[in-house]
Amino acid sequence: MANKLIVNEYNISDFEPHENYKLVRIIDEKANFPISWLNTQGYCEYSLYLEYFQGVKTMPTKEMTIGTEEHAHLEAKFKETAQESSFEDAFELSKEEEIVSREMFVIDAEDGIRGFIDEIRMTPDRIVIIDDKPGTTAFPSTINQVRAYCLAFKNMMGDDNRQIIAALRQRGTDNIFWHEEFNEKNEENIRYTINFLHRLIDDKRDPIPTKNPNKCRKCRFQSYCEEKAI
Ligand code: SF4
């Protein structure tokens, strides 16, 4: 097994910004948004609208700060043993031996998504895409997020047809608490969800606020939100 730090060859700020939504870029004439938005959308889509359309700024929550620190710690530990590589070289090598990488950048211009995969394990037989989460619950939104990484990665594989596995792992542990094969049905489902979010970005529909007052009580946008359910 070899640890590879796959070099990100993209500078996303080189691409034209979207006229309304911060962080969205126009790539090949299509809006391209961060895959993590699919997870936020599951909590409350209206918060995406407040933060990235209206530009509301808040302090990060304690959970966000802890998550960022844990991510940075895991990445620093990985870098102690990893060697730099291009994606092409690492992918080619993985046809013969297992390659592990962290924080690998994926971009899919066709579906209009991009993001960083927490951990990817490429073996001669299959590709395992792992997203680290603070708990052990596979929410529909976290499943959407890891499926979108799978979709973006699949579009980078060319005609290689190795099986892709999506997995959720409890952050800081080896506990994979959910996994599935990224098959045709899951691909179709995630494309539908991605396109639904594109319709919001393209101003073809309104943002949907949650109706769950418990979410609103914990929401960092609560004091700015006219749609809160409390
Ligand atoms: S207060 Fe409620 S409706 Fe408003 S952004 Fe937060 S979670 Fe969504």
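Predicted model: local features only at pLDDT ≥ 70, side-chain atom pairs only at ≥ 80, totals over all residues.
A residue counts as buried when its relative accessible area is under 20%, as exposed when over 50%, and as partly exposed in between (1.4 Å probe, protein chains only).

View 1. Residues are numbered from 1 along each chain as its sequence is written, and side-chain values use heavy atoms, with hydrogens and water left out. Of the 230 residues in the protein chain, 46% are buried.

**View 2. Helices and strands.** You can find 6 helices and 10 strands in the protein chain (DSSP runs numbered from the N terminus: H or I of at least four residues for helices, E of at least two for strands).

**View 3. How helices α1 and α4 pack.** Helix α1 covers residues 37–53 and helix α4 covers residues 140–156; their axes sit 7 Å apart, at an angle of about 165°. Axes are lines fitted to C-alpha atoms, for helices over the stretch in contact, and angles run from 0 to 180 degrees between N-to-C directions. So α1 and α4 are roughly antiparallel (angles over 145 degrees; under 35 is roughly parallel, 65 to 115 roughly perpendicular, the rest oblique).

**View 4. Who touches whom between α1 and α4.** From α1, L38, N39 and G42 meet S141, T142, N144, Q145 and A148 of α4, with contact meaning heavy atoms within 4.5 Å. Sorted by type, the residues of this α1–α4 contact are 2 nonpolar, 6 polar and no charged (nonpolar: Ala, Val, Leu, Ile, Met, Phe, Trp, Tyr, Cys and Pro; charged: Asp, Glu, Lys and Arg; polar: the others, Gly among them).
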